[in-house]
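Work through the exercises below with the model open in your viewer. Try each task before you read its solution.

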Amino acid sequence: MDEYSRLFSQPKTPRLRQDGFPDSTDKQQERTSTDENKEDNQKAPSIVPTSESYTTPLTVSIPTFENVQTLPTPMTYTPLSPGNLSMSPIDQSSLNIPKRRSHARLLDDMLSIAQPNQRVVSELIAPANLLPQRVVSLPTVAEETLYSDSADDKNNIKEAYLSESGDYTDKYDDETLQGFLLDHWDQPLLWRKVRPIGSGNFSNVLLYESMDQSDPKMAQVAVKRLKYPEELSHVEQINTSLRYKETLSRLENSLTRELQVLKSLNHPCIVKLLGINNPIFITSKKPLHDLIKKNPRALPPCDMIMSYCSAGDLLAAVMARNGGLEIWLIQRIFAELALAVKYLHRNNIIHRDLKLENILLKYTFDDINNFKDSPIYYKQNFIELADFGLCKKIESDEMCTARCGSEDYVSPEILMGVPYDGHLSDTWALGVILYSLFEDRLPFDPPPNASVRQRSRATSHRIARFDWRWYRLSDDDTNTGKKIVENTLTRKNQRWLIDEVYDSPFVKDIVDTLDFA
Ligand SMILES: Nc1ncnc2c1ncn2[C@@H]1O[C@H](COP(=O)(O)OP(=O)(O)OP(=O)(O)O)[C@@H](O)[C@H]1O
């Protein structure tokens, strides 16, 4: 089987229903809010406990954390076809989050990184066959989609294309992509498929090269192709069912949200949406409904044309060299990430899925090392933050209710099931990322040399108990990045916001040297 076939023969992970939080009058809500208040009123424990004296901070305040039944624990979900979702053990109101490293396994398969005898140096670099099952999620539809009602967008579409909209598939074959740059809907451009480059729960990503233009920025593009859930492929049989309508609305909501946010962003350290295969995905408030009205037989593909990061994602890159990134490199990458998140938060956008897999590298680590003595080092960004499928545009003081994220990166308050501040859940994830780069392990994985009992504990339990510590870095290590981890992997009322992360010497010292910051 060739690489391409292997990539697409992976089990497709369907989108799952995800409800919002119970109504504020709901008893359950009252209970969890009370628990959270209790949590906040506790005296803060030492963040870096010694192994002898360590008692988990929440054991006293919320003894029920010891009880698996009472935690809103992420559920492990075996990929089933969406038609079988009703057979899933998941309570529809429980937290469902994408399981870690699913994509990393795929890359391992594609690039044959995981050799049978490869030395496993850490929890972060686990062998493919030890990876757990996926857990999947979808932002709740209760959250409104951001939509810029730009009249220009609509007016700019040529009548010729409007009359054909809904049937762009005739301009599309598997090897060639016709697309439109944003706001240039009257000038179709062509790209040729090169190879698959990645896959997530909700999309396959492919590399395409331009066939008809010289702009170097467009010469190679990453095309993120939405994976449609199975039930939307059989439109004729089930298009009146409630399940079908709900799935369609949910998918449409998260798609339009991702596109509208991406379209509004302009930052060197954030992936760019350059164009789309069919303008209707950008210009319509309800593109999937419109497309199905025009052609009820099948939804045409949705291909987002994005800037291409040729060195892949940070998790795969770290795994490929068995971890051990030098501090200067971690500092540089993290400073760029902090720049990107600061920009998002300043624009009232929360990402909600910050993780190593969503940090893309424009250059290999070796290239970056070689740039060190050249002016390019200060002129050029090395990362782009990607995957805005769970992002949200919010009011500055708005609390979020959609329980979403990725298991290893999700904050305790999201696990607890209470409304949460998205800025703080993003900075929690930044702490997870920085810790992982320092330690080559995820902070809430079972500790090295864990007992069988410790290993059997769910990750969510360790997260809820703030149960992490340094192993590779010693307690008296003077690395200034440690402060960021210690002030982000902590209770929400003590947790740093992005401005504090940004102003810490670990970030600021680097940012001050960058021409593009
Ligand atoms: N612009 C890009 N350049 C290079 N590789 C990319 C690009 N965009 C995505 N990828 C690769 O494809 C993978 C999946 O992309 P992405 O995270 O956007 O998809 P997704 O379906 O939304 O994923 P998730 O399951 O995390 O929600 C990334 O981890 C990365 O390896």
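The exercises go from the whole chain to single residues.

This is a predicted model: local features need pLDDT of at least 70, side-chain atom pairs count only at pLDDT 80 or more, and totals for chains, interfaces and linings use all residues. Residues are numbered from 1 along each chain as its sequence is written, and side-chain values use heavy atoms, with hydrogens and water left out.

**Exercise 1. The whole chain**

Task: State how many helices and strands the chain has, and what share of its residues is buried.

Solution. 
- Step 1. Take the DSSP runs, numbered from the N terminus: helices are H or I with at least four residues, strands are E with at least two. The chain has 22 helices and 10 strands.
- Step 2. Sort residues by relative accessible area with a 1.4 Å probe, protein chains only: buried is under 20%, exposed over 50%, partly exposed in between. Of the 517 residues, 56% are buried.
- Step 3. Turn to contacts, meaning heavy atoms within 4.5 Å. Among contacts between residues at least 6 apart in sequence, 73% join residues at least 24 apart.

**Exercise 2. The barrel**

Task: Find the order in which 6 strands close into a barrel.

Solution. 
- Step 1. Apply the pairing rule: two strands pair if DSSP finds at least two bridges between them.
- Step 2. Start at S1 (residues 176-181). S1 and S2 (residues 189-199) run antiparallel, joined by 4 bridges. Gly179 has Leu189 of S2 as its bridge partner.
- Step 3. S1 and S5 (residues 273-276) share 2 bridges and run antiparallel.
- Step 4. Continue from S5. S5 and S6 (residues 303-307) are antiparallel, with 3 bridges. Leu273 stands opposite Met306 in S6.

**Exercise 3. Lys224**

Task: Is Lys224 buried or exposed, and which side chain does its own side chain join in a polar contact?

Solution. 
- Step 1. Lys224 lies in strand S4 (residues 220-226).
- Step 2. Read its accessibility. Lys224 is buried, at a relative accessible area of 14%.
- Step 3. List neighbours, leaving out residues up to four places away in sequence. Lys224 touches, among them, Glu258, Cys302, Met306 and Asp387.
- Step 4. Search for polar contacts: pairs of N or O atoms within 3.5 Å; within protein, one must be able to donate a hydrogen and the other to accept it, and residues adjacent in sequence count only if both atoms are side-chain atoms. The side chains of Lys224 and Glu258 form one of 3.0 Å.
- Step 5. Check the record. An unreviewed UniProt entry annotates Lys224 as "binding site".

**Exercise 4. Loop residues**

Task: Where do Asp387, Asn348 and Asn358 lie?

Solution. 
- Step 1. Asp387 is in the loop between S9 (383-385) and S10 (392-393). Its phi is near 65 degrees, a positive value in a residue other than glycine. Asp387 is partly exposed at 22%.
- Step 2. Asn348 sits in the loop between H13 (327-346) and S7 (349-350). Phi of Asn348 is also positive, near 55 degrees. Its relative accessibility is 26%, so Asn348 is partly exposed.
- Step 3. Asn358 belongs to the loop between S7 and S8 (359-361). Asn358 is buried, at 7%. A polar atom of its side chain lies 2.8 Å from the backbone oxygen of Asp353. Its contacts include His351, Glu384 and Asp387.

**Exercise 5. Helix H20**

Task: Why is helix H20 (residues 481-488) largely enclosed by the rest of the structure?

Solution. 
- Step 1. Count. H20 is largely enclosed because 6 of its 8 residues are buried.
- Step 2. Name them: Gly481, Lys482, Ile484, Val485, Glu486 and Thr488.
- Step 3. Find the cover. These buried residues pack against H13, H17 (422-439), H21 (498-503) and H22 (505-511).

Key. UniProt positions are given in the numbering used here, feature names are shortened, and annotations may be inferred rather than shown by experiment.
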